[in-house]
Protein chains: 2
Amino acid sequence: MHVTGHTTSGSDADPHPGQQKAASIRDVAQAAGVSYQTVSRVINGHPNVREETRRRVQAAIETLGFRRNATAFALASGVTRSVTVLTTNTVLHGYAATLQGLEEASRAAGYPLGVRVVTPEDDLDRTIAAAADTGGGLVVIGFDRVGAAALDRVPAHVPCAAVVEAPPPGRTPDRPAVWADDREAARAATAHLLALGHDTVHYVAIPASTGTRRSAGPRAEGWRQALEAAGVVPPAPSGKGWDAQAGYDAGKKLARNQDVTAILCGNDDLALGVLRALHHAGRRVPEDVSVIGFDDAPHSAFITPSLTTVRMDFQGLGRAAFGLLRTQLDTDQQAPAPVPAEPALILRESSGPRQSSGPRDT
Amino acid sequence: MHVTGHTTSGSDADPHPGQQKAASIRDVAQAAGVSYQTVSRVINGHPNVREETRRRVQAAIETLGFRRNATAFALASGVTRSVTVLTTNTVLHGYAATLQGLEEASRAAGYPLGVRVVTPEDDLDRTIAAAADTGGGLVVIGFDRVGAAALDRVPAHVPCAAVVEAPPPGRTPDRPAVWADDREAARAATAHLLALGHDTVHYVAIPASTGTRRSAGPRAEGWRQALEAAGVVPPAPSGKGWDAQAGYDAGKKLARNQDVTAILCGNDDLALGVLRALHHAGRRVPEDVSVIGFDDAPHSAFITPSLTTVRMDFQGLGRAAFGLLRTQLDTDQQAPAPVPAEPALILRESSGPRQSSGPRDT
DNA sequence: GCCCACGTTGTGACCGCTCACAATCCTCGC
DNA sequence: GCGAGGATTGTGAGCGGTCACAACGTGGGC
């Protein structure tokens, strides 16, 4: 059996019979012998309250266990300190880590955090409206097509920040946004492989967040740029998905091609699948093929061979995005905007110099 | 550069100059030539409204883009349809997957979902109070000590459901809760290893959620029971942490002991670390040592050797927990409580029969 | 000794919506 | 053709806070 029923919520033989309803400022006021407005002043730290009165009210607050009703506060003041995250996923490393950073930052600032997953089937406008009228602001994770589309449809009057892929050089998003320069990181990782003596680098792509451009996102672009800069014609990217299975499928094909000696993957899950496919094909890593991943997921350092990858500061991105939103919500509170760490290539076992020996038999 | 500034929020040369403030039922009422109460009836689907009036109001609602103010509704009605999840972690597989299930279920039911991470440093009562006066109900993930402690401190009058480790046999939690029978699963996994010919099974434990008992949680108990049932004296469990590094540390010690031929791990991350440590020590898996993990994290099927593990339906647990909470929130709405899948042992490459050959040289 | 400013406190109205009830309209049966 | 009763609509109050302002004291400066 997996599920217990509820405890019947207390017989009415409670020690304190009248504990039912939460105390309001009116209750406190009566207990302290003042007006409700004075109580309001005390809980808001208003200066002009006599010290003795303040103490009396404080005492009443303690006694009655008063907590200011957040709903009423929001309605009366018009201020809603809360954040809702719109995302398409909560478990993939990049998303989960971003969410983690967002949660940390919002918690530190005392903002409740809401999470709403958006699916391709959702009516975007309806979803956004629902998230928006929770009050507060929105943070959109736009790593993929659906997320990016959601961001586009957020009405102008809704406070909103986004974390996105690196936009094309020179162009800045029309919405407040944060990103890491994964284009440059992909370029560096590819250049690293070329420098190791590999003739070319194959790319297993993550799904693109924008569909119109010829490229498949900044990571693909960086990879392409590095190859072109070296005078190499980029081979066709493969990959159709985010997870290890997609990596495995792509890797199976690449493994058959003995000319493939270096593979860059759009994320570590894909890389894991590629590794597995290479293993099944009898191709050794890094002796026969070098593999580099992206994101530095927690397990990537512990698999065998450990994975060379690009570390991404998703948590930092999340924190930064929250900071960006907060400046819109709290007009005065100018928090020092935290800056995420630059992407960094982490060299591990899965990459190495091209072996001079020719292709070996399968 | 990582961060864009805000777009200056629209010059006042807007096409519709008066778009500033959201329409209220009073605005709608005026536009439709009825009283605000009639509007209220329409938006709440009250039966006694003349069809023509209803249409007129609907039209006004469309025109003005009216959406009922959630805050005011909550204040006036006293109903807060929302859920806050209290957890110590959002990224570890078990937690993240549970959260995912929770999100799915709450989204399907139209409840906004809040997430609040609890740290050991937090003042539990304060944290709970803060989460509770967001309105709505609480779901506590009590997989670890801090989470379990938080659950204990939730005031009786706060609607609350929990997902927890399997409680001791015969005892049911005093709070509505869901769990999977990981005790039995651990027993089965251990028995499986014994049946493969291993003399004993070592256990690398996850941190316990309860500190008082002699055991280190249901998984440890199941493991111990299986050994005792086979007349084997359980060796001391190791492990101090949740992640691969902790597994690596524990695995390093176990790898030195040539008598160790089978290891059960409290989760897949630990198993990953153990695998890595065994690899470094030159002990082959599964030929020299069998390793079984717990949880079936997404990458476990793709590492090499692929990991034999116990699949846990965390998503299902999350969904069930939400269902449990919902029955407390919606008195009438009796949703069919979804039942999570039973834990299942997934056999893969990392476990196998004990090799009859004696310990080999390092 | 009086006036005015200021520190302190209380009152009224309102945020946007829901309740409870009263007031109106219509329709039917006799 | 008239009254009863249900359908439809409108009014008042209040949820628990906030704002604006008015009404008290008190003290210092002349």
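## Reaching the DNA

A polar side-chain atom of A:Arg41 sits 2.5 Å from a base oxygen of DNA strand C. Bear in mind as you look around that this is a predicted model.

Chain B makes approaches to the phosphates. For B:Ile25, a backbone N or O atom lies 2.6 Å from a phosphate oxygen of DNA strand C. The elements giving two or more residues to the surface near DNA strand C are helix H2 (36-43) and helix H4 (70-77) of chain A, along with helix H1 (25-32), helix H2 (36-43) and helix H4 (70-77) of chain B.

By class, the surface near DNA strand C is made up of eleven nonpolar, ten polar and five charged residues.

There are 26 residues around DNA strand C, and those that come nearest are A:Ser35, A:Arg41, A:Thr53, B:Ile25 and B:Ser40.

## How the two chains pair up

Now for the protein partners. Chain B is superposed on chain A by a rotation of 180° with 0.0 Å of shift along its axis, at an RMSD of 0.1 Å. That is the relation of a two-fold axis. Within chain B, the residue closest to the rotation axis is B:Gly114, whose C-alpha is at 2.1 Å.

The copies meet through the same surface, because 100% of the interface residues of chain B are also interface residues in chain A.

Definitions and conventions
Residues numbered from 1 in each chain as written. Chains lettered and ligands numbered in written order. Predicted model: local features only at pLDDT ≥ 70, side-chain atom pairs only at ≥ 80, totals over all residues. Heavy atoms only, no water. Least-squares fit on C-alpha atoms with pLDDT ≥ 70 in both. Contact = heavy atoms within 4.5 Å. Near = heavy atom within 4 Å. Polar contact = N/O pair within 3.5 Å; in protein donor to acceptor, adjacent residues only side chain to side chain. Helix = DSSP H or I, 4+ residues; strand = E, 2+ residues; numbered from the N terminus. Nonpolar A, V, L, I, M, F, W, Y, C, P; charged D, E, K, R; others polar.
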